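Good morning, and thank you for joining. Please bring the sequence and the structure up on the screen, and I shall then go through a few selected sites.

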Amino acid sequence: MSNVTVAQFAEVLKVPVERLITQLDEAGISVKGADDLISEDAKMELLTHLRRSHGRDAESTSAAPRKITLKRRSQTELKLSGNQGRARTVSVEVRRKRTYIKRDVLERAAREQQEELDRQREAQEQAKLQAERQEQERAAAEQAERQRLEAEETRRQAEEEARRHAEAEKVEQERLAELRRIAEEARQQDAPPAPAAPPRRAPEQPARGPATRYGRKELHVSGDASGRRRKKTARRRAAVAVDTRHGFEKPTAPVVREVAIPETIKLGDLANRMAVKAPDLIKSLMKMGVMATINQVLEQDTAILVVEEMGHVAKPVKEDLAEVSILEEVIGKAQGEDRPRPPVVTIMGHVDHGKTSLLDHIRRTRVAAGEAGGITQHIGAYHVKTPKGRITFLDTPGHAAFTAMRARGARVTDVVILVVAADDGVKPQTEEAIQHARAAGVPIVVAVNKIDKADADPERVRTELAGRELVPEEWGGETLFVNVSAHSGEGIDRLLESVLLQAELLDLKAVDQGPATGVVLEASLEKGRGAVATILVTRGELNVGDAVLAGQESGRIRAMMDETGNKVKSAGPSMPVSVLGLSGTPNSGDEVVVLDDEKKARELAGRRESRTREQKLALQQAAKLEDVFSQMESAAAQGIQLVIKADVHGSSEALREALTKLSNEEVQIKVVGSGVGAITESDVNLAAASQAIIIGFNVRADAAARALLKDTGVDVRYYSVIYQAIDDIRAAISGMLAPEIREQIVGLAQVREVFSSPKFGQVAGCLVTEGYVRRSNPIRVLRSSVVIYEGELESLRRFKDDVNEVRAGTECGIGVRNYNDVRVGDQIECYERIEVQRTV
């Protein structure tokens with residue numbers, strides 16, 4: 001069927017007749033109605049039009065279309081109920097249109113995009129290679145220029161050396177010629193006159209060759225090949241091979257760097273400064289026995305050790321350069337005329353040798369009677385006006401726990417009075433005081449006290465001190481010895497004269513104008529007054545209202561009192577005063593500086609506090625990591641946790657050190673907190689959280705803390721004498737120690753005969769020679785006085801009866817459990833284990 005009507009063709013295509021007529025019109029085929037005939041050519045023309053409209057090239061009819069668009073239309077009817085119950089029908093027509101793109105079109109676009117990216121990347125790589133090549137050429141040119149300059153310098157030096165050598169030779173030749181000339185003249189003067197010499201003939205001139213046309217001389221050129229002129233040949237440039245690899249090479253020798261080490265540094269930062277990897281640094285620390293992580297904060301000493309271990313040079317750096325500059329500025333402002341100042345005298349010696357009583361007699365006071373237990377437990381500073389002149393006295397404790405206090409007193413003093421009891425002699429704290437004084441480099445005046453007692457022996461004291469290199473003046477030494485009695489006052493005037501004589505020899509002077517500097521002797525926290533610090537002024541003048549910096553604390557002085565409690569407005573050199581107005585209690589021994597601005601003092605105090613916190617954190621982390629294995633091994637170790645509160649900082653420090661020294665391998669003393677002032681609610685909470693015991697030294701708990709103590713049940717102990725606290729903690733530690741197991745031999749039996757028993761095996765017939773043999777006690781079998789077996793008894797019989805005990809001089813039968821090698825002549829030793837309570 002070559003020709004069909006439009007209606008038939010629409011039925012074959014399954015499209016409406018109107019749509020087919022419209023498509024035919026769009027294709028340029030004119031039809032009048034549904035009954036018109038369509039030829040095969042018209043069908044192909046319609047097909048070409050449809051392909052073109054769907055994205056296909058009309059010229060390539062054999063190719064597949066690039067995209068196909070499908071349109072679908074469907075009609076449905078919905079029945080909806082009406083208001084009055086009658087249903088109505090609604091026609092719904094849904095039209096869908098979908099376009100499908102051929103896959104190779106998308107792949108071609110993606111491929112073209114990838115090719116474009118590859119071309120761009122290749123161009124970038126080419127540009128990078130070109131830049132590297134230019135950089136290498138530039139580096140090679142610089143290297144060549146450097147080598148040329150070095151060669152020129154070497155040549156110039158060689159020429160200079162040759163010139164100097166030639167000048168030296170020339171000078172030497174001239175000197176030799178001069179010597180020969182002088183010798184020749186001397187010889188001619190001594191020799192007879194010589195006959196006249198015949199006239200010399202002029203040397204014959206060689207025959208000259210013919211001249212050239214223009215009068216020039218002819219050049220004689222060698223006729224061989226060496227005289228010929230060489231032809232110029234084109235010089236070929238050698239190809240320069242450019243290596244695109246980097247120009248770094250492994251050093252032939254290890255690189256030693258100078259590493260700056262601050263007071264604290266992180267492990268990662270230290271590795272960067274040494275140009276090493278952090279794991280290598282951690283490995284080195286582990287070899288040294290230090291467990292650390294990359295974020296671990298190391299203290300300066302540990303960092304210096306590991307830097308030197310890795311072959312570098314450590315350079316410690318202090319971070320307080322700003323503080324140093326400010327202190328130098330303060331000292332510069334205090335420049336002026338040096339004027340004489342009173343001496344600072346520290347009284348040191350063993351406990352209960354009469355130091356405070358001696359000072360009381362000088363001051364006409366009764367301080368010793370007011371001290372708890374009759375011993376001094378604080379540093380006392382007194383400015384005394386004596387008939388011989390003004391003297392500042394520092395009274396230090398003599399108890400063994402107050403070592404730090406004595407050391408501080410020796411550092412700030414000018415003269416040390418060493419008090420030794422004539423009836424007791426040299427004691428441990430006496431020797432320690434001598435060491436502190438020698439370390440501070442101050443002269444010592446020995447006061448031999450208690451000479452009024454019947455058993456006093458001053459000569460023995462002199463002999464013992466002479467053995468410690470303190471030789472009396474009357475024995476040919478340099479140490480002043482004075483016999484005194486604090487009870488009767490004998491020898492006090494001579495002692496003061498000796499002290500002032502030493503001070504006069506030292507020529508003590510200081511500037512008494514400008515900003516003051518000093519040292520904190522003691523600090524406490526008092527109710528109603530706040531932080532109170534005892535300061536010894538060393539330079540300048542301290543006034544009320546000055547902005548001061550004391551260690552990690554700062555503030556403005558609100559009031560100043562002397563040792564008697566009287567208010568003063570200013571204090572000069574060598575004068576001790578108690579100041580109010582600081583932000584907190586400074587540490588004993590901290591330096592005090594007066595600044596112009598309170599804001600600057602507060603800023604420096606905050607910087608010092610943060611630096612101290614970092615150092616403590618570094619020490620704590622190091623201790624935690626270093627003690628990991630030891631804690632794992634001693635997991636069952638017991639410990640006592642303590643919270644210490646004292647009236648002054650020095651007592652808190654002394655009590656902390658004394659109690660920590662009581663620790664041993666089985667029981668550890670750990671101070672979880674310490675401070676100055678009354679026991680507060682926060683102290684009780686800390687003790688409850690850490691299961692600690694609170695020790696109050698000359699302080700009590702406030703009302704809120706007492707109520708909390710009842711609720712939490714925290715144990716609190718109050719002390720006023722330091723050795724009582726030490727004795728109680730020592731007793732507690734002794735009670736926690738595991739008892740010691742000791743073996744005590746209770747009997748010895750001699751084997752006389754050995755029998756065989758079907759029930760017990762071998763039975764030894766024995767005679768008890770010493771003590772007794774008890775069935776429940778362990779035994780040892782000895783052969784030739786050597787232990788060969790250790791165990792228990794299987795049976796103990798007297799004749800045919802089982803007995804529990806056989807005493808000396810009695811025969812018995814003994815069966816040893818799990819042992820059948822008992823022989824005649826062996827000894828059976830019976831012993832018992834007893835527990836002995838250990839003490840610290």
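I begin with Asn543, which belongs to strand β19, residues 542-543. Please bear in mind throughout that this is a predicted model. Is Asn543 buried, exposed or partly exposed? Its relative accessible area is 27%. Buried would require a value under 20%, and exposed a value over 50%, so Asn543 is classed as partly exposed. Leaving aside neighbours within four places in sequence, Asn543 is in contact with Ile557, Met560, Lys569 and Ser570. A further pair to note is Asn543 and Ala559: they are 16 residues apart in sequence, and their C-alpha atoms are 9.0 Å apart in space.

Let me turn to the barrel. It is closed by six strands, in the order β17-β18-β23-β21-β20-β24, with antiparallel pairing. From one strand to the next, the twist averages 45°.

I shall take some of the pairings individually. Strand β17, residues 517-526, runs antiparallel to strand β18, residues 530-539, and nine bridges join the two. Within β18, the residue opposite Ala523 is Ala533. How many bridges join β17 to β24? There are three, and this pairing is antiparallel as well. Here Gly518 stands opposite Val592 of β24.

Strand β24 also pairs with strand β20, residues 547-550, through four bridges, and the two run antiparallel. Ala547 has Leu595 as its bridge partner in β24. As for β24 itself, residues 591-595, the strand is mostly covered, with four of its five residues buried.

Next, the helices. Two packed helices are described by the angle between their axes and the distance between the axes. For helix α2, residues 17-26, and helix α3, residues 40-53, the angle is about 85° and the axes are 9 Å apart. Angles from 65 to 115 degrees count as roughly perpendicular, and therefore α2 is roughly perpendicular to α3. Which residues make the contact? From α2 they are Leu20, Gln23, Leu24 and Glu26, and from α3 they are Leu46, His49 and Leu50. Sorted by class, the contact of α2 with α3 comprises four nonpolar residues, two polar and one charged.

Two further residues deserve a place in this discussion. The first topic is a loop position. His353 lies in the loop between β10, 344-349, and α9, 355-363. With a relative accessible area of 1%, which falls under the 20% limit, His353 is buried. Its contacts, apart from neighbours within four places in sequence, are Val419, Val420, Ala421, Asp424, Gly425, Lys427, Thr430, Asn449 and Lys450.

The other residue is Arg797, found in strand β33, residues 793-798. Its relative accessible area is 28%, and Arg797 is thus partly exposed. Not counting residues up to four places away in sequence, Arg797 touches Phe760, Asp802, Val803, Cys812 and Gly813. What kind of contact does the side chain of Arg797 make with the side chain of Asp802? It is a polar contact, at 2.8 Å. Arg797 and Ile814 are 17 residues apart in sequence, while their C-alpha atoms are 6.7 Å apart in space.

To close, I return to two points. I would be glad to take questions.

Terms used:
Residues are numbered from 1 along each chain as its sequence is written. This is a predicted model: local features need pLDDT of at least 70, side-chain atom pairs count only at pLDDT 80 or more; totals for chains, interfaces and linings use all residues. Side-chain values use heavy atoms; hydrogens and water are left out. Axes are lines fitted to C-alpha atoms, for helices over the stretch in contact, and angles run from 0 to 180 degrees between N-to-C directions. Angles under 35 degrees count as roughly parallel, over 145 as roughly antiparallel, 65 to 115 as roughly perpendicular and the rest as oblique. Contact means heavy atoms within 4.5 Å. Ala, Val, Leu, Ile, Met, Phe, Trp, Tyr, Cys and Pro count as nonpolar, Asp, Glu, Lys and Arg as charged, and the others, Gly among them, as polar. Two strands pair if DSSP finds at least two bridges between them. Buried means under 20% relative accessible area, exposed over 50%, partly exposed in between (1.4 Å probe, protein chains only). A polar contact is a pair of N or O atoms within 3.5 Å; within protein, one must be able to donate a hydrogen and the other to accept it, and residues adjacent in sequence count only if both atoms are side-chain atoms.
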